[in-house]
Number of protein chains: 2
Amino acid sequence: MASRGDSPPPSQSKISYREAGVDIDAGDELVERIKPFAKKTRIPEVLADVGGFAGLCAVPSGIDDPVLVSGTDGVGTKLKVAFLTGIHDTIGFDLVGMCVNDIVTTGARPLFFLDYYGTGKLELSVGENVIKGIAEACAESGCALLGGETAELPGMYAAGEYDLAGFAVGVVSRKKIVDGKRVAEGDKVIGLPSSGLHSNGYSLARRVVLEAMNLELSAKPEKLGGKTVAEALMAPTRLYAKHVQAVLATGADVHAMSHITGGGLPGNLPRVLPDGLGVRLGKPWARPGILELIAERVEENELRRVFNLGVGFVFVVAKEDEAKTLEALSALGEAPIDLGEIVRVPEDTDFEARVIFP
Amino acid sequence: MASRGDSPPPSQSKISYREAGVDIDAGDELVERIKPFAKKTRIPEVLADVGGFAGLCAVPSGIDDPVLVSGTDGVGTKLKVAFLTGIHDTIGFDLVGMCVNDIVTTGARPLFFLDYYGTGKLELSVGENVIKGIAEACAESGCALLGGETAELPGMYAAGEYDLAGFAVGVVSRKKIVDGKRVAEGDKVIGLPSSGLHSNGYSLARRVVLEAMNLELSAKPEKLGGKTVAEALMAPTRLYAKHVQAVLATGADVHAMSHITGGGLPGNLPRVLPDGLGVRLGKPWARPGILELIAERVEENELRRVFNLGVGFVFVVAKEDEAKTLEALSALGEAPIDLGEIVRVPEDTDFEARVIFP
């Protein structure tokens, strides 16, 4: 806005929308380019021919007393790393992962996803890559990319920058909602590995790696095992929708599920535990290299509260169903982590202290 | 980020999340402050006690073959006017209006809404006012504020600025979807007045009013009829959900509905018309003062394509149901606008040319 204010037009000239910084044609072109990506995500429930103003998706038939489960999230300042590295085709996995991994914790099957893409000046190739990634992640999660908004806001974002928000809706039968209420002492706690930091703690991660350590994006510090800083920081968030569906399909008695995001294990595991219960973590597991690198400059306690410690998603299952849960996950090529078990804790235990590290 | 880079910490000190610019406590405090607002928007379908990671809302019973209708939108650079004026408690009406007015065009009843609030550094009172407005608008639209994300992204937004994205979901019986397919020659076209510009065209509006005309926010140009520039530019978007419900409740044969946003009447009316049909607009209607002011510096054709021209929402109804539609709207205290009627146009008429101005 400021740069435009420097040269006001002569007093009687007329002003157009384009001159004011909004290029409707670029927006229309982006819509055309992303149509094929969105089309590939269609599920049978989508009504494709109607809804000039909105996306339409039928409630799947055969679900007794269906309950809609929804969540919204962004990807935080992982965006800043996308801007620095110019890698825009995987940030969509982060966006979809942040939203869809949340809703599947209830046992919901993902149905559809919408995205909001806000930027100062639309760069077509960047926008196309971002939304292509979103669509690929939707397809992997089994949900339709049903709509989206590309907003060009001149003067709101720095050149080359954008923000993203995602919105996911799923459905579950009321009787099958997984809500943690049946979690009991002795339940097994099984983790799924994350790919790295996923989309949390990037303000701290960037501060440590790019500023305090002053590492180049192309650097390959030993702890990253051959990966560059850029690759390690941009590793896309893993999508756990299919793992949840596979475990539920075995009939395993899943008592709770938790998506490990901001707050880490101590912030997210207790969210699905009844009062008086906690998690005793057992033997240590392998942590991603990027976390080990950051650990050089962040206290262990802070590390635990900010990052996922290499565990992206957690199942709490009845002890007798541990084997079939592990089997279902192994069949997907996973290496599930034996995190520990549910234990009694005093009723007045602090929220985060209910996760007991060894 | 740049300002923080100026003073790197001594090489072996440990770095905390707060030091990296993220204040988890402020986020938690905002969540507490907005709980009572969100609670007031609850509808009976909301499952309030479950869902640590997501919002849950039952599909309303009694809807044959329910179809979910969803939409996402932002409020564009009307935000810049909010920042300039310090008025943050009505931008939520704009956000909810942009999304919910879209989904109700299908005949859907709004169910729930989620918001994304991205900012560089969370200012509690601003955030509280923004979300209070969102909750009030949700309540007026009959939908639950089911969730939201407040994202603190250090270095992504200028001080005091933020972006907003909204997501709305509604439900309609498949047989009752209003999709424009039955629009026919002779149908009546009825408009509902807007409150001003709603949330479209603000990059142009700001350029004209605040830059080219160089008007102060406190100025009261004659065309604004006693209002200040700030008041006229910040007039909250009107919410049309209850109007739609009232008209549908009369049993009137509503053939199409259109939410007049970016693109104006020529961009939005043809979206719900079958090929070969257009709208012949009749006698001129009163335009908001802010539009008349902007018209001094924008060509009439551009004005029509960018702004709503004082019409926020449009019903296309069977001619014989015009009277009951008008009655239902008048009963809500509305002054509906007789816009004109549906006419035949050659099949190859350009999209926007299908709206025929007198």
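Predicted model: local features only at pLDDT ≥ 70, side-chain atom pairs only at ≥ 80, totals over all residues.
The relative accessibility of F313(A) is 0%, and because buried means under 20%, F313(A) counts as buried.

Where does the chain bring S258(A) relative to F313(A)? The two residues are 55 residues apart in sequence, yet their C-alpha atoms are 5.7 Å apart in space. S258(A) is also one of the contacts of F313(A) when neighbours within four places in sequence are left aside. Other contacts of F313(A) include N101(A), V104(A), T105(A), Y240(A) and H259(A).

## The nonpolar core

In soluble globular proteins, nonpolar side chains tend to be buried together. The largest nonpolar core here has 248 residues. Within this core, the members that touch the most others are F113(A), L265(A), F315(A), F112(B), F113(B) and F315(B).

With residues up to four places away in sequence not counted, F315(A) touches residues including K188(A), V189(A), H243(A), V247(A), A256(A) and L329(A).

## Packing of helices α2 and α5

Two packed helices are described by the angle between their axes and the distance between the axes. In chain A, helix α2 (residues 24-40) packs against helix α5 (residues 124-141) at an angle of about 30°, and the axes are 10 Å apart. Angles under 35 degrees count as roughly parallel, and α2(A) and α5(A) are therefore roughly parallel to each other.

The crossing of α2(A) past α5(A) is right-handed. On α2(A), the contact residues include L30(A), R33(A) and F37(A), while those on α5(A) include E128(A), I131(A) and K132(A). By type, the residues of this contact comprise 8 nonpolar, 2 polar and 4 charged.

Notes. Residues numbered from 1 in each chain as written. Chains lettered and ligands numbered in written order. Heavy atoms only, no water. Axes fitted to C-alpha atoms, helices over the stretch in contact; angles between N-to-C directions. Helix = DSSP H or I, 4+ residues; strand = E, 2+ residues; numbered from the N terminus. Parallel < 35°, antiparallel > 145°, perpendicular 65-115°, else oblique. Left-handed = near helix turned anticlockwise from the far one by under 90°. Contact = heavy atoms within 4.5 Å. Nonpolar A, V, L, I, M, F, W, Y, C, P; charged D, E, K, R; others polar. Core = buried A, V, L, I, M, F, W, Y, C linked by side-chain atoms within 4.5 Å. Buried < 20%, exposed > 50% of the residue type's maximum accessible area, 1.4 Å probe, protein only.
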